[in-house]
Amino acid sequence: MNDAPDTRSRLLERFDLIVNGPALFNSLVAGIELGVFDTLAEGPAPFEELRARTGIPVHQLRVLLHALCATELVDKEDGRYANTAVADELLAGDGPDSWKHILRGWQEIYYPAFPHATTALRAGTNTALDGYPGTEPTLYQRLSHDPEREAVLHASMSAFTLQSMSGLLDNIGLAPGERLLDIGGGDGTTARELVKRFPDSTVTIFDLPSVVALAEEGEDAVAGGRIGFQGGDLFEDDFPGGVDCVLFSHCLEVLSPERILTLLRKAHAALRPGGRLFIYGFTLSDQERGVYSARLSLYLTVLATGQGLAYPVGEYERLMREAGFPTVEAITGLPYEHSLMVATKA
Ligand SMILES: C[S@@+](CC[C@H](N)C(=O)[O-])C[C@H]1O[C@@H](n2cnc3c(N)ncnc32)[C@H](O)[C@@H]1O
């Protein structure tokens, strides 16, 4: 089969980027860590200024700047280097939603796992987990033995969650006084944004005890006591009951359909009649093209849990009905390949 000429040139361009991706990705992280993007956020700079600011030798800086120019996120013009607007927006600065935290987590945790892909796919299990201390079956549990890497993972997930939060906040519509249970709520990033956007609501985070401890550390004054914390295991422990809403944000895609069904049934039992269930996260399109979803599914399968996928919306809808929810709605096409699915308990 021949590709049409414009398809062929687009595919060749993608091929060039994909095969050189690890070099370009890691040069971005080096550029962040050495302060190149922060320096250029102040304005275009010549080589010598970047040398003074980064403190690295001439040859090494030449190599780094060449790689950054090859990404096209840094421009070189008239002997001066400059951030593009996208580099200014995404790669300079240090806020909690910064890509700096996201890329560090991908570099330290996600990407070292991917060379294990063939082995893990053949073995049918997450063999990349062998590099982590402990005997538990998931990365999340094993990281409780490695607080430093646990904090890196949660800072990375938290920053990505903030980047992709608008699709949830703009569509969830909590009514005043509603109590929401955030299952697998991580370090509390989602809970804090929810109580800021819906000041009369309360949120309880349910997650592993070591993770809930991270969330408690991060609770800020804005929350004003409206965030509760419950440490436990999703499968071993009961969810708090009688709640108005249950949210799974980026939580179900880490599991197999059988385990998702178990949790949806637990959520159904925890909700009051008329209560709502929300599932927010990555979903797979019919054409199966999303790059963010592909990266996530591989990371989960090779390393984090050995199961899980950015499931298609239809698969979640089927599971929600099977768990006892008669009505299900989906809002698709949200940023970063996300969807929000809403079901109401009879
Ligand atoms: C991908 S993170 C999502 C975090 C957060 N909801 C967000 O949107 O950023 C999945 C969360 O599920 C939690 N988790 C995984 N397995 C768990 C288990 N068996 N019991 C309790 N929490 C678990 C992890 O600790 C992690 O915080």
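Reply:
**The ligand site**

A polar side-chain atom of Asp233 lies 3.3 Å from a nitrogen atom of the ligand. That is a polar contact (a pair of N or O atoms within 3.5 Å). Asp207 makes another with its side chain: an N or O atom there is 2.7 Å from an oxygen atom of the ligand. Gly184 uses its backbone instead, with an N or O atom 2.7 Å from a ligand nitrogen.

The model is predicted, so local features need pLDDT of at least 70 and side-chain atom pairs pLDDT 80 or more, while totals for chains, interfaces and linings use all residues. Numbering runs from 1 along each chain as its sequence is written, and side-chain values use heavy atoms, without hydrogens or water.

In total, 16 residues surround the ligand, each with a heavy atom within 4 Å of it. The closest are Thr161, Gly184, Asp207, Ser249 and His250. His250 sits in the loop between strand 7 (243-249) and helix 14 (257-270). Helices (H or I, at least four residues) and strands (E, at least two) are DSSP runs. The phi of His250 is positive, near 50 degrees, in a residue other than glycine. Most residues other than glycine have a negative phi. Tyr336 has a positive phi too, near 55 degrees. Tyr336 lies in the loop between strand 9 (327-334) and strand 10 (338-344).

Now the second largest pocket. About 900 Å³ of space lies in it. Of its 44 lining residues, the closest to the centre are Tyr140, Gly184, His250, Cys251 and Val254. Gly184 and His250 are also among the closest residues to the ligand. A pocket is an open set of points on a 1 Å grid over the protein atoms alone, where a 1.4 Å probe fits, with protein on both sides within 12 Å along at least five of seven lines; lining residues have an atom within 4 Å of a point. Its volume is the space filled by probe spheres set on the points.

Helix 10 gives the most, with six residues. The lining divides into 19 nonpolar, 17 polar and eight charged residues. Here Asp, Glu, Lys and Arg are charged; Ala, Val, Leu, Ile, Met, Phe, Trp, Tyr, Cys and Pro are nonpolar; the others, including Gly, are polar.

The largest pocket has a volume of about 1200 Å³. It has 24 lining residues, and Gly21, Phe25, Trp106, Tyr111 and Val291 are the closest to its centre. Helix 2 gives the most, with six. The lining has 19 nonpolar, three polar and two charged residues.

Where does the largest pocket lie? It lies between domain 1 (5-91) and domain 2 (127-344), because both give residues to its lining. These bounds come from an automatic or database domain assignment. The C-alpha centres of the two domains are 34 Å apart.

Over residues 20-92 the chain is 66% helix and 14% strand. The end C-alpha atoms of that stretch lie 23 Å apart.

Definitions and conventions:
Polar contact = N/O pair within 3.5 Å; in protein donor to acceptor, adjacent residues only side chain to side chain.
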